[in-house]
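Here are a few notes to read alongside the model.

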Amino acid sequence: MSIDYWIEKSLILYRSIIFEIMSDLTKEEISRYSRQLLLPEIGKEGQVKLKSASVLIVGCGGLGCPCAVHLAASGIGKIGLVDHDKVELSNLHRQFLHTESRVGTSKANSIKESLNQLNSDVDYVVYDTKFNKTNAVDIIKEYDVIVDATDNAPTRYLINDASVVSGKPLVSGAALRFEGQLTIYHYNKETPCYRCLFPKPPVPGTVTNCSDGGVLGVIPGIIGSLQALEVIKIITGLEPSYAGKMLLFDGLAGSFRTVTIRGRSKDCAVCGDSPSIGHQLVDYEAFCGTPMCEENKSLKILAPEERLTCSEYKESVVDKDVPHLLIDVRPAVQASVFKLNHAYNIPLSKITNNDGMNNLKEMIEDKKVNKVYFICRRGNASQKACRFTKENLTDIDNIEFKDIIGGMTSWAKEIDTETPIF
Amino acid sequence: MSNHLNIIVEFKGGMELLFDNVTKKELSLPVNSGEDGSAPVEWTIKDLINHLKEKHLKERPELFVNDDSIRPGVLILVNDVDWEILGENEYKLADGDKVLFISTLHGG
C-alpha cells in the first residue's frame, strides 16, 4: 500500500467524521429554519445539506444582493462573495444590501456586513479582489455551486471556463432594462456551458450594461432570487428547472417564458470532447476585446488632434463666446435628465441615419458656424458621431468637427461640480 | 399560383431597439411557385434574416448581422426551441412559426 492510499483513506474517514458532526441541527437551527424544514422536499436532510454546502457568488451587485440574501437566510454553510468594486450611490436602487453610509467602501465587505446581521451562523468569505485567470480556479474549487452575478462578457467567459474545469455547476443570471435571463450551465454531461451557447464573443461595442442601458431595480431582484432558488434545489438534490433551459423574463410584458437551449457541444473549447482550454484558462479581455471593468472602457476612434478636453472646450470656446454648435449625442432620455443649456440633443442612433446628417447640415447652415463639437456621457459615442459625420457630411467645407474627451462625466468632475453624474 | 407563409417574429433583449422598438411583427412572406423566381419557394432562417435586414431593420445593421449570419450573442428561438437544434440557418420555416430574436444580456 502506498502512502497516497493511506492519505486518501484517512481523508475519507476525516470527512465522514466532520459530516457526522455537522449532520445534526441544533435546537436553534431547527426553530430558525422550521418553515422550510417542514417542506417534505427539504426536511431535516435538506437543511443539513444546505448547512454543509458552500456557494460562491461572483458579483455583489444587482443580482448578487438578492441571491446572497436568500442563500444566507436559508442557512447555507459557507458563502463566498467576490467583487472588487466600491459601492456607488447609483447602485442603491437595486443593490439593497449596501447602505448610504457605505458608499465608497468595498461591495463584498458591505454585503457581508448586512448578511451578518441577518444570519451570523453563515461562514462568509470576502474576496475584495479582481477575479481573474490566475485566481479564479483556486477560488472556485473551494465551493460546491457557483453563481454568476456579474455584468460583463469577459468575466462571464472566465467564470464559465473556471467552473467547467473545476467541475462545478454554474447558475447564471443577467438583467437589463425590464428583462432578465437565467440558466444553469454545465449542470451535467448533457447540458451546455456558456461557450457552447456563445462560442464567439460579442463584437466589442455591441454589449449594453446597466449603467448605459438602465435597469429597473426589481428586475435583477427577481432574477437573483430565482438564482438562489435554483442553487437551493441543486444542493438539496431537487431537480433544477433551468438546466438545458433558459428563462426569459420580461417585466414589462409580465411574461415568464422558458425555452429549450442546445445541448453540450462536443466541439466546445472548454467542455467539449477535446477541449483546448484547461486549468491555465485564457486571456478573457483579449478574447472579447473589452476590459472586465468599466473605468477602462474608453474607445480610441479619433486622433488626439480631433479631440478637446473639457477645460480646453470651456476656456477656448465657451468663455470666449466662439460661435459653434455643441451636439449632445446621448439618448433623448439622458439628455432630458440633464444637458448643457446650449447643447442640441441628436442621439447617436439618429446621427447615423440620413435624417441625422440632413438635420445637422441644416443646423450648421442656419447658425452659420464652422465649429461643431460632439459630447456624450463618457466620450465614446461622441467619437463615433464625430467620425461618422466627418465621413458622411462631405458636401460642406471648412467645418471643424471635434469631440469632447470624457463627455458629461468629465464635465461634472472637472468644470461644474453641480452637474449630476448618472 | 402564389401563396403566403405567415409567421410571427419577435424581438427582445434589446433587439427591438433596432426595429423601431417593435417587439412583435406578423409577417406574410410571399411563397412563389418558382416560375418567375421572384421569391424563394421555401423560406429558411437565413432568408428571413436577410429579409428582416433589408426590409425591416431601422438602424445599426452591424448589431443584427455579422459576416452574413446573425451577430454573436443573439439567440434565435423557433417556437421556443434553440435554432441550433433545428439546423440553424438552413431551418425551413413553416406556417405559424414563432421566431424570437433575443440578445443575450450581460447586466447584473
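1. A word on the model, and the first stop in chain B. Please bear in mind that this is a predicted model. B:Asn21 is exposed because its relative accessible area is 53%, and the cut-off for exposed is over 50%. B:Asn21 sits in the loop that runs between strand S1 (3–12) and strand S2 (24–31) of chain B. Its backbone deserves a look too: B:Asn21 is not a glycine, yet its phi is positive, at about 65°.

2. A:Leu281 is not a glycine either, and has a positive phi of about 55°. You will find A:Leu281 in the loop between strand S8 (255–260) and helix H12 (284–288) of chain A. Is A:Leu281 buried or exposed? With 8% relative accessibility, A:Leu281 is buried, since buried means under 20%.

3. The annotated site. The unreviewed UniProt entry gives a "binding site" feature that covers A:Gly62, A:Asp83, A:Ser90, A:Asn91, A:Leu92, A:His93, A:Arg94, A:Lys107, A:Asp151 and A:Asn152.

4. A:Asp83. This residue belongs to the loop between strand S2 (78–82) and helix H6 (107–118) of chain A. A:Asp83 has a relative accessible area of 11%, so it counts as buried.

5. A:His93. The loop between S2 and H6 of chain A also holds A:His93. A:His93 is partly exposed, because its relative accessibility is 48%. Apart from neighbours within four places in sequence, A:His93 is in contact with A:Val215, A:Leu216 and A:Gly217.

6. A:Leu89. Staying with the loop between S2 and H6 of chain A, have a look at A:Leu89. At a relative accessible area of 64%, A:Leu89 is exposed. From A:Leu89 to A:Asn109 there are 20 residues along the chain, and their C-alpha atoms are 16 Å apart.

7. A:Lys402. This lysine lies in strand S13 (residues 400–404) of chain A. Is A:Lys402 buried or exposed? A:Lys402 is buried, because its relative accessible area is 17% and the limit for buried is under 20%. Not counting residues up to four places away in sequence, A:Lys402 touches A:Glu305, A:Glu306, A:Arg307 and A:Leu308, as well as A:Val372, A:Tyr373, A:Phe374 and A:Cys386. One of these, A:Val372, is 30 residues from A:Lys402 in sequence, with a C-alpha to C-alpha distance of 6.6 Å.

8. A helix pair. In chain A, helix H13 (residues 310–318) packs with helix H18 (residues 407–415) at an angle of about 70°, and their axes are 9 Å apart. H13(A) is therefore roughly perpendicular to H18(A). From H13(A), the contact involves A:Cys310, A:Ser311, A:Tyr313 and A:Lys314; from H18(A), A:Gly407, A:Ser410, A:Trp411, A:Glu414 and A:Ile415 take part. The residues of this contact comprise four nonpolar, three polar and two charged.

Definitions and conventions. Residues numbered from 1 in each chain as written. Chains lettered and ligands numbered in written order. Predicted model: local features only at pLDDT ≥ 70, side-chain atom pairs only at ≥ 80, totals over all residues. Heavy atoms only, no water. UniProt positions renumbered as here; feature names shortened; annotations may be inferred. Helix = DSSP H or I, 4+ residues; strand = E, 2+ residues; numbered from the N terminus. Buried < 20%, exposed > 50% of the residue type's maximum accessible area, 1.4 Å probe, protein only. Contact = heavy atoms within 4.5 Å. Axes fitted to C-alpha atoms, helices over the stretch in contact; angles between N-to-C directions. Parallel < 35°, antiparallel > 145°, perpendicular 65-115°, else oblique. Nonpolar A, V, L, I, M, F, W, Y, C, P; charged D, E, K, R; others polar.
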